[in-house]
Amino acid sequence: MRTMYLTNEEEKALDGEHGEVVSLAMRILCALGDFFEADRLIPVQSAHVSGVSYKTGGEALLTTLRKFSSMKAKALVPTTLNPGGVDLERWREMGVEEEFFEKQKKIISFYTDMGILATCSCTPYEAGNLPARGAHVAFAESSAVAFINSYLGARTNRESGLSALASAITGKTPCYGLHVDGNRRPTVKVKVTASLESPTHYGALGYLIGKNFGDAIPLIQSGRPLPLVEAKHLSSAAAASGAIALYYWGEAPGDSDLEKVEVDGRSLAEVFELFGLSEEPEVIVLGCPHYSIHEMRKVAEMVEGRWVKTPLWIFTSRQVRHLGEQLGLVQKIEQAGGKVFCDTCPIVAPLKGFRNLLTDSAKAAHYAPSMNKMESALLSTDGCVRVALRGVQ
Ligand code: F3S
């Protein structure tokens, strides 16, 4: 039974007055809203859709998108897309078969036909989809969800690819969870005494928090700033090992009586020790979440004029890759033997020919064993690049 209130206009949309696909999208949102006891639908300013890689979505994803496409689905609000399974230009260099590439291309063309921007990146906030503080949006991709709720102060629940697509088509989302003020208060205080030496350490902290606190709303106090790259690592790892969708850094309203937990240097070191390789690393993987131009520049400076002895693969958005080309950064990395791929990511791409990986991303280290059947090890970016240059860990 439907419990969520709908306006007359929304009732008409549900009944099919605005077409079959809008009615389908409304049915998806109503089911979600009723389940979570939302009181109404609210407008969203933008959406970000996951469910793009043929590796993870397979034929079922193609079938679903074919159905939406046959009903002439169109995004009503600005909408961006998560990474797919291959670099759309350099897929051969990734060792991917042509059939996989063709299916991946088809998936992306279904989305672009709907008016969705094929940004193919998990950092949409660096590719034009940057929600303002307080803005209601519908984002899938857990790392972006945690980032925009926490770092930007925007509002989204952890949407699935399907619910984000339904929001893109209708411009609405059910009002529950993190769209509601009262649900955004911190629930646990985390006092960090460990030194956070690199973005990877922030990722390790996020990993630990996600693992220990599931879907809590932590208030994290460390006395240190939270720059953007560090926030990306923290957000992605906390959302991967747990289901953190919102955290506060430094201060938050109503934090006085919270249970307090300490994270010291030992507990952070244990996160690094959790991962490990039984053999030398076969590939060094950077760019989970997708690398920014600043991260790319750092690596370019480290490898300039040298040669990597272990394959070094960097993942970013096409937009950042283009900028990196204009600035000569991609050339420096590739002249050193590295590769800069875009449109895809180290976890949703079929990484062919490697049994293990070394990464600077706690999220990639977490997912590599289950998603890629690869052992994984975690080091800072500097450590990863040093290993790439000298060939052993
Ligand atoms: Fe992005 Fe893939 Fe990592 S989507 S956050 S690079 S697992």
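Which strand gives the most to the shell around the ligand? I looked this up first. Strand β10, residues 284-291, does, with 3 residues. The model I am working from is predicted.

**Ligand site.** I checked where the ligand sits, and found it in the largest pocket. I then listed the residues around the ligand: Pro83, Cys122, Glu141, Ser143, Gly287, Cys288, Pro289, Cys345, Pro346, Ile347 and Lys363. I sorted this shell by type and got 7 nonpolar, 2 polar and 2 charged residues.

**Salt bridges.** I counted 26 salt bridges. I went through a few of them.

Glu334 pairs with Arg90, with the closest N and O atoms 2.9 Å apart. Arg90 counts as buried at 13% relative accessibility. Glu334 is partly exposed at 25%.

Lys339 and Glu93 form a salt bridge at 3.1 Å, N to O. Lys339 lies in strand β12 (residues 339-342) and Glu93 in the loop between β3 and α4, 246 residues apart. Lys339 is partly exposed at 25% relative accessibility, and Glu93 is partly exposed at 34%.

Arg297 and Glu301 also meet in a salt bridge, 3.8 Å from N to O. Both are in helix α10 (residues 293-303), 4 residues apart, which means about one helical turn separates them. Arg297 is partly exposed at 47%. Glu301 counts as exposed at 51%.

Last, I traced shared partners. Salt bridges join Arg90, Glu93, Arg321, Glu325, Glu334 and Lys339 into one network.

How values were computed
Residues numbered from 1 in each chain as written. Predicted model: local features only at pLDDT ≥ 70, side-chain atom pairs only at ≥ 80, totals over all residues. Heavy atoms only, no water. Near = heavy atom within 4 Å. 1 Å grid on protein atoms, 1.4 Å probe; cavity = no way out; pocket = protein on both sides within 12 Å on 5 of 7 lines; lining within 4 Å. Sits in = over half its atoms within 2 Å of the grid points. Helix = DSSP H or I, 4+ residues; strand = E, 2+ residues; numbered from the N terminus. Nonpolar A, V, L, I, M, F, W, Y, C, P; charged D, E, K, R; others polar. Salt bridge = Lys/Arg side-chain N within 4 Å of Asp/Glu carboxyl O. Buried < 20%, exposed > 50% of the residue type's maximum accessible area, 1.4 Å probe, protein only.
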